[in-house]
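Here's a quick walk through a few packing details of this chain. Have the sequence and the 3D view open as you read.

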Amino acid sequence: MSGEEAPTPQQQPEQEKKLDGPPPAGSEAPQDSGSSPAAEEKPLSFRSLVLTGYGGYDKVKLQVKTQKQPQLEAGEVLVRVKACGLNFAELLGRQGLYELLPAPPVIMGMEGSGVIEAVGEDVKDRKVGDRVIVLNRSGMWQEVVVVSANLTFPMPEQMSFEEGAAIPINYLTAYMMLFEMANVRPGKSVLIHMAAGGVGFAVTQLCQTVPDVTVFGTASAPKHETIAQGGVTHPIDYRTKDYVEEIRKISPKGVDIVLDPLGGSDTQKGFSLLKPLGMLIVFGAANCVTGQKKNLLAMAKTWYNQLSLTTLKLMQSNKAVCGFHLGYITDDQLISRTMFKLLELYGQGKIKPRIDSCYHFEEVTDAFRRMHERQNIGKVILLPEAKKEEEKPKSSPELVENVEKTEAAVNVKEEETTEEVKAED
């Protein structure tokens with residue numbers, strides 16, 4: 001449903017199951033897949049964010065799991081995760097609206113960055129110590145993850161872990177929509193909604209790699225200066241003005257490309273704004289998310305107002321309507337090729353993710369709230385590393401209850417123990 005989806009080159013159920021609770025690395029990184037028996041038997045702990053059920057912020061729990069050392073299969077690597085990305089898809093997933101997410105309990109997170117701590121057999125182009133970007137359908141919101149080596153990409157030396165976690169989903173989405181589908185060319189015009197979000201910044205930056213592209217971007221007024229500095233030609237306040245009228249004042253004939261993450265009536269408006277031979281790409285349904293929990297009325301309203309067309313009307317209007325969902329892109333060569341192109345653009349200084357804020361796993365509720373209330377300007381990042389004592393806010397009546405360190409040890413089963421830690425609200 002959301003354009004901020006994860007690529008899924010590998011979809012085997014056994015791999016997904018493994019990533020829902022991968023084994024952690026020890027305090028000393030194993031140098032290869034053949035660990036000593038003593039090391040394998042030593043119980044190790046790692047932190048993860050687990051979606052325990054569908055609903056509000058409280059359904060995402062910080063847990064500490066203890067289990068034995070990993071046994072890597074051929075082609076796999078073990079990565080110590082340093083930063084993870086938060087996407088709109090996770091807001092949908094928490095409410096049970098993201099169809100590609102396995103049923104709870106499940107570790108969410110589709111992108112991250114970190115350092116390789118062990119490699120399995122047949123891994124030739126990755127080694128222990130490599131800084132990498134990691135992609136996967138789910139399972140990234142934890143300190144350690146086991147993935148196929150072909151889901152990892154070497155990070156440029158100057159790239160921070162936060163930037164590495166911010167690039168994949170947003171920039172893959174933006175790049176494929178602009179260049180694989182819309183074929184944006186010099187002199188064209190583009191409308192992007194939620195222009196101050198992760199995809200919005202990615203679209204804006206990528207449009208600047210093509211000469212003379214005009215970018216219209218909707219965002220609340222306080223964000224206009226920032227997105228204008230980032231390259232949006234015409235920022236429009238969707239909260240106080242009719243963006244259709246505002247665009248018509250500037251460009252009476254409309255725009256060439258509309259990128260729509262909203263759905264519902266906004267899709268109809270986007271179609272009406274297209275010039276002849278223009279293209280509308282729908283890549284989300286943000287209008288469905290109005291509160292912490294699933295809102296059936298909002299879903300029904302969005303569905304009722306959805307654009308409905310016949311092929312005859314498309315012919316008569318000379319317009320194109322497309323849908324994009326990165327989660328259903330199964331061509332791993334396309335994913336890989338596009339990621340390397342993005343890393344090349346980063347190295348050339350043509351793209352650079354804007355990091356809005358970073359939250360430790362304990363603060364995941366605050367991270368969700370910031371994105372949910374559309375306060376972010378750029379990417380929201382989650383940090384697996386434990387929050388240091390001095391970083392914790394001073395006590396207040398609202399916070400006393402929320403900074404309790406542990407709830408209980410739960411779900412003792414076989415060789416794994418899970419301890420749930422209460423996250424900060």
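Predicted model: local features only at pLDDT ≥ 70, side-chain atom pairs only at ≥ 80, totals over all residues.

## The H8/H9 pair

H8 and H9 cross in a right-handed way (the near helix is turned clockwise from the far one by less than a right angle). Residues are numbered from 1 along each chain as its sequence is written, and side-chain values use heavy atoms, with hydrogens and water left out.

Helix H8 covers residues 243-250 and helix H9 residues 265-273; they pack at about 15 degrees with axes 11 Å apart. Axes here are lines fitted to C-alpha atoms, for helices over the stretch in contact, and angles run from 0 to 180 degrees between N-to-C directions. Helices (H or I, at least four residues) and strands (E, at least two) are DSSP runs, numbered from the N terminus. H8 and H9 are therefore roughly parallel to each other, a label for angles under 35 degrees.

On the H8 side you'll find Tyr-243, Val-244, Ile-247 and Arg-248, meeting Asp-266, Lys-269, Ser-272 and Leu-273 of H9 (contact means heavy atoms within 4.5 Å).

Six strands make an open sheet with parallel pairing, ordered S11-S10-S9-S12-S13-S14; two strands pair if DSSP finds at least two bridges between them. S11 (234-236) and S14 (320-323) sit at the edges, each pairing on one side only. Direction ignored, neighbouring strands are turned by 15 degrees against each other on average.

Strand S13 (residues 274-282) pairs with S14 over 4 bridges, and Leu-280 has Val-321 of S14 as its bridge partner. H9 turns up again here, packing on the sheet and touching S9, S12, S13 and S14, with its direction at about 155 degrees to that of S13.

Ser-317 belongs to helix H11 (residues 311-317). Ser-317 is buried, at 19% relative accessible area; buried means under 20% (1.4 Å probe, protein chains only). Leaving aside neighbours within four places in sequence, Ser-317 contacts Phe-271 and Pro-276.

Phe-324 is in the loop between S14 and helix H12 (332-347), and Phe-324 is buried too, with a relative accessible area of 8%. Beyond neighbours within four places in sequence, its contacts include Met-176, Met-181, Ile-281 and Phe-283. Phe-324 and Met-181 are 143 residues apart in sequence, yet 8.8 Å apart in space, C-alpha to C-alpha.

Definitions and conventions
Parallel < 35°, antiparallel > 145°, perpendicular 65-115°, else oblique. Buried < 20%, exposed > 50% of the residue type's maximum accessible area, 1.4 Å probe, protein only.
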